Amino acid sequence: MMRKIFDDMARMSVRYNDLYILGRSIEGYFSKYCEALGILSDLDGYPLFVRGSATLIKYRGRYFMACTRHQVKDISAREDVCLMLPHDGKLNCITSGGAISYDKSKNAGDHHDVVLFDFTDPVMDMPELEHMFLDFRGQNPDVPSDHVVAVVTYGYPSGKTKLDYDDRKLRMLKEKVVCRYAGQGHDDALHTIAPIVPMNFKSDGMSGGPASTIIREGEGLTIHLVGIIARAGREQMRIIKAGALQMMMEERRRLRPRPAIDL
């Protein structure tokens, strides 16, 4: 049934902001804003680690990499989150300009697990990176659950990621999981979704990846960033709502991030 829905959508367009997304690109539109979360290390022989997934977001002139604190909780101050870019068959790493997170004493819900790494300065220096970030303007509209056609998530499962330290090559497989809306999470900042077909791979590494939702609005369809993956399991995922991300970005966008942060 879900496959038929996407086949039908391939013959039409879906609106995102002022953009109309055509044909089969609808299903994979948000995939390009899902990147692997790279961590630079000072360990001899192991200069780089991958800690799952992250979502790249542009918001009101600022450029952020969103992920969850549990992905980076044990990194030291000598390590930096980075954006990994292939170049001439090798990897180049661009580090962030700082990080923003909730105080560790706040632990009332999974939305306090959000960490935003600020890449505004690197993007200003290298405008060619701008296309990698989703132009996010606001959370998806509040609609009845039966208006949700599907939720599509992306991420880099740890079991399908391999770093070749000798050749400086990274081999990764980005997975797509099509889900149905399964209800409100245990707090107001969460959604619960369930894969249409249980995942046939281990879900480790999916945290931080984007979740998009296709919604019926009037006579047409729209697509939105619904949030990022907080926790993923074979039969259920918890999503930190885009509104929680927006609130954090809005509160912090005028402040220059600190160069170091207590994660």
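Let's start with Cys 93, which is partly exposed, with a relative accessible area of 31%. Keep in mind that you're looking at a predicted model. The chain folds into 4 helices and 18 strands, and 52% of its 263 residues are buried.

**Cysteines**
- A disulfide is a covalent bond between the sulfur atoms of two cysteines.
- How many disulfides does a search of the whole structure find? The count comes back as 0.
- Cys 93 is in no disulfide, and the nearest cysteine sulfur belongs to Cys 82, 3.8 Å away.
- Cys 179 is buried, with a relative accessible area of 0%.

**The chain as a whole**
- Take the contacts between residues at least 6 apart in sequence: 65% of them join residues at least 24 apart.

**The largest pocket**
- Rolling a probe the size of a water molecule over the atoms shows where empty space is left.
- The largest pocket holds about 330 Å³ of space.
- Its lining has 19 residues, and the ones nearest the centre are Asn 140, Pro 141, Asp 142, His 191 and Lys 241.
- Which elements give two or more residues to that lining? They are strands E11 (148-155), E15 (190-195), E16 (210-217) and E18 (237-241), plus helix H4 (242-252).
- Sorted by type, the lining of the largest pocket has 11 nonpolar, 6 polar and 2 charged residues.

**Tyr 154**
- You'll find Tyr 154 in strand E11.
- Is Tyr 154 buried or exposed? Its relative accessibility is 4%, so Tyr 154 counts as buried.
- Tyr 154 and Phe 30 sit 124 residues apart in sequence, yet their C-alpha atoms are 8.1 Å apart in space.
- Setting aside neighbours within four places in sequence, Tyr 154 is in contact with a list of residues that includes Glu 27, Phe 30, Cys 34, Lys 174, Met 206 and Ile 229.

- Lys 58 belongs to strand E4 (residues 46-59), and at 21% relative accessibility it counts as partly exposed. Buried means under 20%, so Lys 58 is not in the buried group.
- Between Lys 58 and Met 249 there are 191 residues of separation in sequence, but 9.8 Å in space from C-alpha to C-alpha.
- What does Lys 58 touch, leaving aside neighbours within four places in sequence? Its contacts are Tyr 63, Glu 130, Phe 133, Leu 134, Asp 135 and Phe 136.
- Arg 60 lies in the loop between E4 and strand E5 (62-68). Its phi is near 50 degrees, a positive value in a residue other than glycine.

**Gln 139**
- Look for Gln 139 in the loop between strand E10 (134-135) and E11.
- Gln 139 is partly exposed, with a relative accessible area of 47%.
- Not counting residues up to four places away in sequence, Gln 139 touches Ala 242, Gly 243 and Gln 246.
- Gln 139 and Gly 227 are 88 residues apart in sequence, while their C-alpha atoms are 8.4 Å apart in space.

Note on methods: Residues are numbered from 1 along each chain as its sequence is written. This is a predicted model: local features need pLDDT of at least 70, side-chain atom pairs count only at pLDDT 80 or more; totals for chains, interfaces and linings use all residues. Side-chain values use heavy atoms; hydrogens and water are left out. On a 1 Å grid over the protein atoms alone, a cavity is a set of points where a 1.4 Å probe fits but cannot get out, and a pocket is an open set with protein on both sides within 12 Å along at least five of seven lines; lining residues have an atom within 4 Å of a point. Grid points are joined across faces, edges and corners, and a volume is the space filled by probe spheres set on the points. Ala, Val, Leu, Ile, Met, Phe, Trp, Tyr, Cys and Pro count as nonpolar, Asp, Glu, Lys and Arg as charged, and the others, Gly among them, as polar. Buried means under 20% relative accessible area, exposed over 50%, partly exposed in between (1.4 Å probe, protein chains only). Contact means heavy atoms within 4.5 Å. A disulfide is a pair of cysteine sulfur atoms within 2.5 Å.
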